[in-house]
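Here's a quick briefing to read alongside the model. Have the sequence and the 3D view open as you go.

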Amino acid sequence: MKFSTKAVHIGQEPEETTGAVVPPVFMTSTYAQEAPAEFKEYDYTRAGNPNFTRLQQALAALEGGEHATVFSSGLGALTAILSTLTSGDKIVAVDDLYGGSYRLFTKVFERFGIEPAFIPMQDLDMVDAALAERPKMVFIETPTNPLLRIVDIAAVAERARAVGALSVVDNTFASPYFQNPLALGADIVWHSSTKYIGGHSDVIGGAVICHDADFNQAMGFARMAVGLNPSPFDVWLMSRSIKTLAVRMERHAENAAAVVEFLSSHPRVKKVYYPGLESHAGHAIAKAQMSGFSGIVSAELDLPLEQTKRLISSLGVFTLAESLGGVESLVDHPATMTHASIPAAEREKAGLTDGLVRFSVGIEDVEDLIADLEDGIQREAG
Ligand SMILES: Cc1ncc(COP(=O)(O)O)c(C=O)c1O
């Protein structure tokens, strides 16, 4: 079965008792038991729910994994993964990553003795040096947020495996439609399904997908023990959204490519970050490990910072907001919004400048998107 067919049918089968083509929301916290501790499949929704099961089947199929566990948020998924570690364990992560992941590593788990190191994973010598410290897990994000850098998943996963470390990939930016890290040798994939998987900016969620049954069991344990469960209604919305993932991703990518073409040729744009550009340092790897370049574009405008900020606040079709991956186009100022939790010195070291702007290109008519950007630049640059 191909991706689009899986997206519409797996975990989406009609409901057994009534034949309802769209399965209902099992909006229940608990389940009747036949006798004390005697129940069929579910006892309490923090531990499991039929809507969770259906979404997990869909996500496992779309990522090409054996198992999946759904969570209340992307960071809930990352918390579950990190909760399998023990004080004294080391981890390595890519140095350009979502600010909230950085905050979870440094402000929460580091206090419990999990030692993080952040490295530019494009440099495989640095990967080797970090692996010599015997970390337990290697956290890859590719394309990275917000600089759209590319990490060679197969190369890093192979090196991690050789020293007994698990490779963990945040696949949020590519979505399972454009990239499947497990097929490239990674051990674990996680998502902020708030983004492309949900796709409508109306629900927060996360997921972990893997081949290993024991690791998946640990994810189920973490969800139940730590309280990382989503709401059945949110999960139902995710299952609804997944059916259109393929068509949405095609349109996001097509629109993003056109926005990149516009920005790249504009005299008031200094630099465009997009892995689909042949001039992008990671283009060849991106082309090999992704089937499309997704819908996020970052850029530095040739304008003073205050004018850049005014411009992105005044756009008409792009909305200034955190998050990405929804049908509506959004614009973000990473240094003060999504990545403000990373100290300025660390941001600078990773190349994340104060002038950087990140666009999440939606599925609107691309002519309206380009006109909106053109008018905005014209207003500020004259
Ligand atoms: C790449 C990436 N990973 C993880 C997350 C965190 O996900 P959530 O907001 O669902 O907790 C985000 C959120 O912006 C993200 O952009």
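This is a predicted model: local features need pLDDT of at least 70, side-chain atom pairs count only at pLDDT 80 or more; totals for chains, interfaces and linings use all residues.

Residues are numbered from 1 along each chain as its sequence is written.

**Overall build**
- The protein has 14 helices and twelve strands (DSSP runs numbered from the N terminus: helices are H or I with at least four residues, strands are E with at least two).
- Its C-alpha trace spans about 75 × 50 × 35 Å along the principal axes.
- A compact globule of 382 residues would have a radius of gyration near 21 Å, and the protein agrees because it has 21 Å (taken over C-alpha atoms; the rule is 2.2 Å times the number of residues to the power 0.38).
- Of the 382 residues, 49% count as buried (20 or more other C-beta atoms, placed from the backbone, within 10 Å of a residue's own).

**Helix α10**
- Buried residues in α10 include L245, A246, R248, M249 and H252.

**Around the ligand**
- Of the 16 residues around the ligand, S73, G74, Y98, S192 and T194 come nearest (near means a C-beta atom, placed from the backbone, within 6 Å).
- Helices α3 (74-82) and α4 (99-108) are the elements that each give two or more residues to this shell.

Methods
A residue is buried if 20 or more other C-beta atoms lie within 10 Å of its own, exposed if 12 or fewer, and partly exposed in between; C-beta atoms are placed from the backbone.
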